[in-house]
Amino acid sequence: MPVKKIPQRMCVSCRTRKNKKELIRIVHMPSGVTEVDPSGKKPGRGVYVCRSRACIEQAVKANRIERGLKSEVSKETIDRLVQDALQYTIDEADKGE
Ligand SMILES: [Zn+2]
């Protein structure tokens, strides 16, 4: 019997492989727009990061998002991505204060 495969992706920050659903996708679309993709279905090159503030911040600090997307991402866009991505973190006690 074939084992049902759960799609796995690697966090660009901590390099841990996790189920897709446990990660946040950031996509660089052919239109040139870079954004958080909660559906995971937008066209374009994507990178994944854990739903964790620490991983998101580390990914930004180390330029892992830009590198993973293989395209230049402006500081403004990065700031917006971080704000968006933080809405999807699940390990934060201070969420929704
Ligand atoms: Zn991670």
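User: Before we start, what puts two residues in contact here?
Analyst: Two residues are in contact if their C-beta atoms, placed from the backbone, lie within 7 Å. Keep in mind that this is a predicted model.

User: OK. Which residues does Ile65 touch, leaving out those up to four places away in sequence?
Analyst: Ile65 touches Val12, Ile26, Val47, Ala59, Val60, Val73, Ile78 and Leu81.

User: And where does Ile65 sit?
Analyst: In helix H2, residues 64–69.

User: Buried or exposed?
Analyst: Ile65 is buried, because it has 24 C-beta neighbours inside 10 Å.

User: How far is Ile65 from Val47, in sequence and in space?
Analyst: They are 18 residues apart in sequence. C-alpha to C-alpha, the distance is 6.7 Å.

User: Let's zoom out. How many helices and strands?
Analyst: The chain has 3 helices and 5 strands. The pattern along the sequence is β-β-β-β-β-α-α-α.

User: What does the radius of gyration say?
Analyst: The radius is 13 Å, close to the 13 Å from the globule rule for 97 residues, so the chain is as compact as a globular protein of that length. Along its principal axes, the C-alpha trace spans about 50 × 35 × 20 Å.

User: What share of the residues is buried?
Analyst: 26% of the 97 residues count as buried.

User: And what about contacts by sequence separation?
Analyst: Take contacts between residues at least 6 apart in sequence. Of those, 53% join residues at least 24 apart.

User: Now the core. Which members of the largest nonpolar core touch the most other members?
Analyst: Cys11, Val12, Ile26, Tyr48, Val49, Ala59 and Ile65. That core holds 17 residues.

User: Which elements give two or more residues to this core?
Analyst: Strand E3 (23–28), strand E5 (45–50), H1 and H3. In soluble globular proteins, nonpolar side chains tend to be buried together.

User: Cys11 is on your list. What does Cys11 touch?
Analyst: Beyond four places in sequence, Cys11 touches Thr16, Lys18, Leu23, Tyr48, Val49, Cys50 and Cys55.

User: Back to the helices. How do H1 and H3 pack?
Analyst: H1 (residues 53–61) and H3 (residues 75–86) pack at an angle of about 170°. Their axes are 10 Å apart. Angles over 145 degrees count as roughly antiparallel, so H1 and H3 are roughly antiparallel to each other.

User: Which residues make that contact?
Analyst: H1 brings Arg53, Ile56 and Val60. H3 brings Ile78, Val82, Ala85 and Leu86. The contact residues divide into 6 nonpolar, no polar and 1 charged.

User: Where is Arg15, and is it buried or exposed?
Analyst: Arg15 is in the loop between strand E1 (8–10) and strand E2 (17–19). Arg15 is exposed, with 8 other C-beta atoms within 10 Å.

User: And what about phi of Lys70?
Analyst: Phi of Lys70 is also positive, near 55°. Lys70 lies in the loop between H2 and H3. With 9 C-beta neighbours inside 10 Å, Lys70 is exposed.

User: Last one. Where is Pro43, and what does Pro43 contact?
Analyst: Pro43 is in the loop between strand E4 (34–36) and E5. Beyond four places in sequence, Pro43 is in contact with Met29 and Pro30. His28 is 15 residues from Pro43 in sequence and 8.1 Å away, C-alpha to C-alpha. Pro43 is exposed, with 11 other C-beta atoms within 10 Å.

Methods
Residues are numbered from 1 along each chain as its sequence is written. This is a predicted model: local features need pLDDT of at least 70, side-chain atom pairs count only at pLDDT 80 or more; totals for chains, interfaces and linings use all residues. Axes are lines fitted to C-alpha atoms, for helices over the stretch in contact, and angles run from 0 to 180 degrees between N-to-C directions. Helices (H or I, at least four residues) and strands (E, at least two) are DSSP runs, numbered from the N terminus. Angles under 35 degrees count as roughly parallel, over 145 as roughly antiparallel, 65 to 115 as roughly perpendicular and the rest as oblique. Ala, Val, Leu, Ile, Met, Phe, Trp, Tyr, Cys and Pro count as nonpolar, Asp, Glu, Lys and Arg as charged, and the others, Gly among them, as polar. The radius of gyration is taken over C-alpha atoms; the globule rule is 2.2 Å times the number of residues to the power 0.38. A residue is buried if 20 or more other C-beta atoms lie within 10 Å of its own, exposed if 12 or fewer, and partly exposed in between; C-beta atoms are placed from the backbone. A nonpolar core is a set of buried Ala, Val, Leu, Ile, Met, Phe, Trp, Tyr and Cys residues joined through C-beta atoms within 7 Å.
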